[in-house]
Structure formats: structure tokens, C-alpha cells
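Subject: Structure handover and notes

Hi,

Here is the structure you will be working with. Please open it beside this email and follow along.

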Amino acid sequence: MSKTSPTLTTCPYCGVGCGVAATLDELGQVTVKGDKSHPANEGRMCSKGTALGDTVYLQERLLYPEIAGEQVSWDQALDTVAGEFGRIVREHGPDAIAFYVSGQLLTEDYYVANKLMKGFIGSGNIDTNSRLCMSSAVAAYKRAFGEDIVPCCYDDLERAKMIVLTGSNTAWCHPVLYQRIVKARKCNPDLFVVLIDPRRTQTANVADLHLGIKPGRDAVLFNGLLNYLDEAGENNEIFSSNFTTGMEEALAAAKDSAPSIKAAAKSCQLPVEDVHEFYRMFARTERVVTVFSQGTNQSSSGVDKANSLINCHLFTGRIGRPGMGPFSLTGQPNAMGGREVGGLANQLAAHMELENPEHTDRVQRFWDSPVIARKSGAKAVDLFRNIADGKIKAVWIMATNPVVSLPEADKVRAALEQCELVVVSDCVRETDTVKLGHVRLPALAWGEQDGTVTNSERCISRQRAFLPVPGQARSDWWIITEVAKRMGFADHFDFNDPVDIFREHAALSGFENNGQRAFNISGLETLSYDEYDTLKPVRWPVTAAAPNGTDRLYGNGKFSTADGKARFIPITPRNPVSQPTSEYPYVLNTGRVRDHWHTITRTGMSPRLSSHTFEPYVEIHPEDAAREEVVDGGLACVESAHGHVFVRVRVSDSQQTGSLFVPMHWSGQFSSQGRIGALIKSVVDPVSGQPESKHSTAKISKCKANWHGFILSRRSSLDLQYSTYWVRSRGKGLWRYEIAGLEQPEDWAARARSLLGLPNGQTDWAEFFDTSQNHYRAAQFKGSRLESCIFIGPTEMLPPRDWLISLFQEDKLDRKARASLLSGTPLIDQEDTGRIVCACFNVGEKTISRSIHEQKLKTPEDIGACLQAGTNCGSCIPELRELLAAR
Ligand code: SF4
């Protein structure tokens, strides 16, 4: 089979921003490989990126514009949106409209959305889901440097002698950077890695020292470090006296809250010798990179936490030089692009300030706009509160799913249900949010759209189209500019191609800049169509003086503040707002799993990604599990003052006592009660507005289901009304449903048929009811092929699913195989592989454990040689290490 040549584009998932080479063959199959020429990954990939080809199909796409659920023409949809927005602005003012956008948008989309809202509608009410991800890092950089600047680049991870990973499960959330750190350690055995995280995550595999800190104590730990550095005489006096201000105040605050190693260790509930080791290594190592991510940012004091670690880098002058600096990793593929164009409600475009008259005047002149917003708009949490209060009467939600991802998510849903006008543009038809849209606009997806994204290290890369445009879907920038034109701003939104927008964005970055703003990509403002098309990844700033980009910033000691000096910020650590009570005794933490992304709309299309973690779960320490009488593999109800979820229990001593962890991904599309956002209290950082998603409080109890079961079926929709608990995930050619219920049906056979939507008297239906054990099993065949099977019993002890899933790959099941199916026991030659660990080669946990035992395998490399597991993207290597350790 001949293939078309690969298209070089960028992965749409995390902020690492890996370059990928995507190939579409003549059968419409897409294969994706790492782009060896891309500086972010140099050919590496993780499991999510490798499986991108599984996610480009159209089954669940929104393909036509709709109003009130009816297909309409683009003209009707766009006229309606523009007309209604215009009316609402006339009747209630510009602040009655809001846009809620996304780090999934391309920079060009983001730019025109921000321009329309701030420069033409005249409101600051545009915020982004990046608010939930890294807005605390943005605010901390601005406080310290005068501008939102990440001074480091990924190469610094290889050049460092010490890497501090704080609030970052890098192994799962930024897997290619984790791979780079693992490789750096191999090349440099002296590299010292510290992990600061209340959980012992998979990232601990690469760490020499894991500090399992008490949740919320990060600022105390870094204040203690600053104090230690001072007492150890580690101040870089030339740097701090010439290039910084405010050091004495910061030192005084540090001494106040963490006067000694012992005090810091006590406050953080860490062993004194571990804290001392961390401080000692930091003090004596010049080349230190401190990587921070959502564990730092998603806090009511996230900005202070970030500034507490930045202070340590300023004190030692470790910034802007190879192998050192405070390095925020963004969660989303284009969170950084959103920061460039002012996608946050308190920013203007091109790193200018909304509440700075000089900046607003400058941007208004550049845009030649009739109005300009001069005050910050509502940040994400407040934006939806304002919808609930009726202050905002129309909202346009682009490429994001706030009904799942925002705190107090049930209130967000209620707010949208009563909002006068909800416009959604998305590529997926049935998300929890899209369902609530009065007007639904079909957007292009990855592989179809064209533009740029910027990753965590300021590297601008192209996303290129290699798939045909499906249905009537259109790019987000086209949809936004068409609405703008219909609102009367045609002359200012007359863009024909993403490059037209990119050039304007680049020109604005250089407009009256005079070296005042480090974000400057004016070197790209004259790109031709061809040059844009072939643009190679480049780290900004890109200027006439630096036409090939810039690896690091601030190495010359000249910062973006008015006086050119960086600012120490005195930090007085604050406790998280929600503290455990007798009613809600646990700290509830949330985060990601390895193979899912955001609300699963894309990764849920991939059977191999869905097989790694197919259900939402709660991780709990063994002592807490025993006290609460919840068992590993059982179901539990986790409940806060705002809502509850039903999730599977994972008992693990990698979790601290008194803490629970639940992943953030599950939505109403994939689970009955798995939206953890519904439990999170809407508490935000007062500076950044970022919600405290890592520290709510909750209680846990056993879910007293009377029956448990599962269904494997080629059918995608089943009648699950009798299941108190259900979760669905995609397998190869089938759907897997885990189910459980409170009530006991009188007739299991009738219930099973109704679940599967089968009429009574269905032929090709085999069933088995063990009345003594109360086990019911049935299978439906189509010809000789298995169509569906259902297993129900009084407890969670049910047959292995992975073996049964493999039977769906058989064209013919003989009598023996059918009998073994109903008995729930694999035939001797049928192997139960267990939960999939290596998604690339479909290798299960039981297969790996058996091989470790039988073949006496000792290293991940041994496992790779024997089973291939871990030899492609490497995302499963931390789990291979855990399985080796368990043996
Ligand atoms: Fe995509 Fe994985 Fe790279 Fe992130 S690390 S950009 S998810 S391939």
C-alpha cells in the first residue's frame, strides 16, 4: 500500500507540544510518529500522541450548524449569533456578553476571539480554561519579572545538575519531558532529581528524593529553602544587588514562617533529614531547574507558592543561563499561545495590560477599534457566577467543557441551563456542555485545522491540516471572524487565511515595543504564505536581532519591570481554604491519568488509551480504607458539600493518610456519576483566580450496591436507567460497560435483554443463571460472532474482562468457547492478559507479571526484549518498574 508523505504537525494534547509526523494512507488510516526534527521531543512520543490516529474518525462529530437541535445553514447560525449578541449589547451593555475559550484553540483563533471581545464588543469578558491550569504561574512570573515570561527551555533539563519537580506528575502529565529527564539521568548519573508531591506518583521512579509534603505546604518548604540559602551564604550578591529588589523583605518573611530546617520540616510533615538533603543539594548545585505545574498552581495560594520558588532562583542568580531557572509546565497544547494574545480576562493582547491606559490606547490605535475594554473581565469561576446571576446574558463557549471541568460543576450546568443564549463551537456533538448549546457551531478538529501553537518553552510550532474538512465544519477563526463581520466589523476582521491573522499578531507584538515587552515576534510579521506554511519550530522572542529565536531570557539581568529589575515577593504562607472537618474528614486531590486527556472526548475514541484506566477511581491509603470499610476494587461514594461521585476504589500506600485522589477526566458522557468537578469548592487564588482543585474536602463511604456487573457489546448505546453506577469505555470493535445497581430485579433475563435492547424470544441468546450464587451470565451471537455478553453477580468478583474482550476479535466461537464464556473461565489456551499497561503493544499486567516471574526478568529493558512493552513511547516504563518491584 503506497502512502502519502507525512505532514509535520504538532500533538494537540499537553503543553510539551511534541512535533509529530502524521500520514494518511489510501484507506483513510492515520499513523502518527514523533518528528525527529522537532526540538520539544526529537522523535519521542507518549502513549496519547502515539494513538492520535485512533481519534480522527467522525462518529461523534458535530458536523452541521444547529439551532435548538435543528440543522440550519451557516448563514442562519451566524446571523443569529451576531444578531443576538448585538441586541444584548445594545440592551444591556458589552459586559452582558462573555466568551469562554480554550487552550485547545490555535493562536490565530485565540487572537481574533480576544480582538473581537476586547477591541470591538468592548468588554474584558473573555476567559479561558487555561485559567484552571497555569494562571497562577502567569501571575507569579508577572509579579517577579514584570511580564509573563518562562525564562527556560527544555534543553535545560539535560543541562541541569539538579531538577526539582514540584506539584508535577511529569511521568503521566508531560511524559516526553519525563523521558528526557530519564535519559538525562542515564547520561549524567550525578543528576539529582527531587520530587515534591503529597502522592508518591509514577514520577517518583526517577527521583533520588521524594518529599511527600503535607498538602498545601509548598510555600513553607521554599521559604525554608530561601532562609537556608541565606544562612549558608549562598546569596549571589552581584546578581541580587544589581538586578533585583525586595530581597530583604522576602528574607524576613521566609525567616518568619520557616526559621529553621526543623521548623520547615515540621510544618511540611517531612523528615528533617530529607528536607536538609534537599536544601543542601540545592545550595551546592549551581545548575538547578525547578519545574512546577498544576500541583503548585491549582491552589488558593498558587501565586505565592510559585513566587516562593522563584525567590530561591533570584537569590542564587540561577536564571536565564543553561541548566537553571524556574520552569512552569503548561497543561494544554496552546496555553502559551493564549497568554501571548491576551486570552485571559485580565490581559490585553501581546503581553500588554488591560488596566494600563498607555497599553489600551496603543492596542486600540493598532486595531483601529471603536471601543476597547479598560477593565478586567470576569475570570472563569466568576464568569459562570455572573451567568447564574443573570449579569451575563449570552456566552460563547469554544472548544471546552466547563460543565465537567469547572469547580462546583453542577452550578455551572444550572447556570447554562437558565442562560438566555448559549453558543458553543466544538468538534464533538455530545459533550456535557455542547448539549446545552442553543446554537451549536461545528469546528474543525486536529488534523483538519491550520495555524500555530506555542508550548511550555515558548516554542511556536505549526499545526497543519492533512485531513479533508468533514461535513460543514469550519475553523474557529473563520467562525469568529464571520460573527465579527456580521456585527459590523468587517473591515477589521477581513482575514482570508490563518497567516493573515498570524502576521497581525506578530506585528502587534513589535508595535511600539522598544524593548519594553520581551514577548516580541515581530521577526515573523512579514511571513509569506509559503514561509508560514514551512515555518519551523522557533522559540520566541523572534526579532530582527534574534531571527532564529531565543532559548532563554533574563540571563543579562534585564527584566521587564519599569526599573528593569526582578522583584522578590515576600511570602507569608497561607493554608488551603478548605480544611477537613468531622463531616468531611479527607483532603480531596484531583489530577490526570496517563492515557486520558481532559474530558475524554478525544482519548475516549481510542480503545488502547481507554484500556489503561477504564473507570474513574478514588485512591485511598490502606489505613483509611480499613477505617471506612472500602475495599480495593469495590465501589465507593465520595461526597463533598457540593456533590458526589461513584468511583472504583484503589487502595494504595502511595496516597497519604487523610487524603483522597480522584482523576478529573470523567464526564456525564462516559459515566453516571464521575464528574469530580461537581465536588470541588469554588475557591480561587485571590491574585490569579485559579481554582483550588487540589484541596477540597470530602468523605468516603462504601457504595452498597446489591448487584455488580459488566456488559461487553458492539452496541454503542444501551438502556442504563436501572444502573445506579455505569461507566462506558471503548474497546476494539466494542463498548465496555461496568454497571452496578441498588434495586434487585425479579427477572434477570428480562433485565439483561432490556439493557441490551433485545426483544423477548431473541434467538442466538445463551444464558446461565446460577441461583445458588446469584450469578447471571448471558451472551448474544450474530451468526457465529459474539455480539454482546453480560455478567452480573452479587459482588464485584466477576470474570476477567480482558479475556472476554479478546473473544470479540474471533470470527467464530465454537461450542467449547461458548461454554467457557458462560462459565466465565478462559480455556487453557486462552490467556487472561489483565489490564493493559503498554498501550502501544497491547500488553497486559498479568502477562507482564507472569513473564517477570517465569523468565526472571529484572529490568524494563528485559521486559521490552521479551514482550515489546515499553519499547515504543515508553509511557508505561514507570509501571513496568512498579511491577518489577512488586515481584
Ligand atoms: Fe502529545 Fe505526549 Fe508529547 Fe504531550 S508528551 S505533546 S501528549 S506526545
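Which residue takes a positive phi just after α17? G390 does, with a phi of about 85 degrees.

Some ground rules before the rest. This is a predicted model, where local features need pLDDT of at least 70, side-chain atom pairs count only at pLDDT 80 or more, and totals for chains, interfaces and linings use all residues. Residues are numbered from 1 along each chain as its sequence is written, and side-chain values use heavy atoms, with hydrogens and water left out. Helices (H or I, at least four residues) and strands (E, at least two) are DSSP runs, numbered from the N terminus.

**Helix α17**

Helix α17 covers residues 380-388. Its buried residues (under 20% relative accessible area, 1.4 Å probe, protein chains only) are A380, V381, L383, F384, N386 and I387. An α-helix has 3.6 residues a turn, so residues three or four places apart point the same way. The cover over the buried residues of α17 includes β6 (97-101), β7 (126-128), β14 (394-398), α18 (402-405) and α19 (409-417).

**A three-stranded sheet**

Next, an open sheet. Its three strands run in the order β17-β18-β19, with antiparallel pairing. Strands β17 (451-454) and β19 (538-539) stand at the edges with a single partner each, so one side of each has no neighbour in the sheet. Strands count as paired if DSSP finds at least two bridges between them. Four bridges link β17 to β18 (residues 459-463). T454 has I460 in β18 as its bridge partner.

**Strand β22**

Are the faces of β22 (residues 617-620) covered or open? Both are covered. Y617 and E619 are buried on one side, V618 and I620 on the other. In a regular strand the side chains alternate between the two faces of the sheet. β22 runs parallel to β24 (residues 644-651), joined by four bridges. There V618 partners V649. β22 runs antiparallel to β25 (residues 659-663), with two bridges. There E619 partners F661.

Strand β31 (residues 775-782) is mostly covered, with seven of its eight residues buried. Six bridges tie it to β30 (residues 765-770) in the antiparallel sense. F768 stands opposite R777. These two strands form a hairpin with four residues between them, and N774 in the turn has a positive phi of about 60 degrees. On to the next hairpin. β31 also pairs with β32 (residues 785-793), antiparallel, over seven bridges. K782 stands opposite R785. Two residues lie between β31 and β32, and G783 in the turn has a positive phi of about 65 degrees.

**L827**

L827 is found between α27 (815-823) and β33 (836-838). Leaving out residues up to four places away in sequence, L827 touches K816, A817 and S820; contact means heavy atoms within 4.5 Å. L827 and A817 are 10 residues apart in sequence and 7.3 Å apart in space, C-alpha to C-alpha.

Best wishes

Notes:
Buried means under 20% relative accessible area, exposed over 50%, partly exposed in between (1.4 Å probe, protein chains only).
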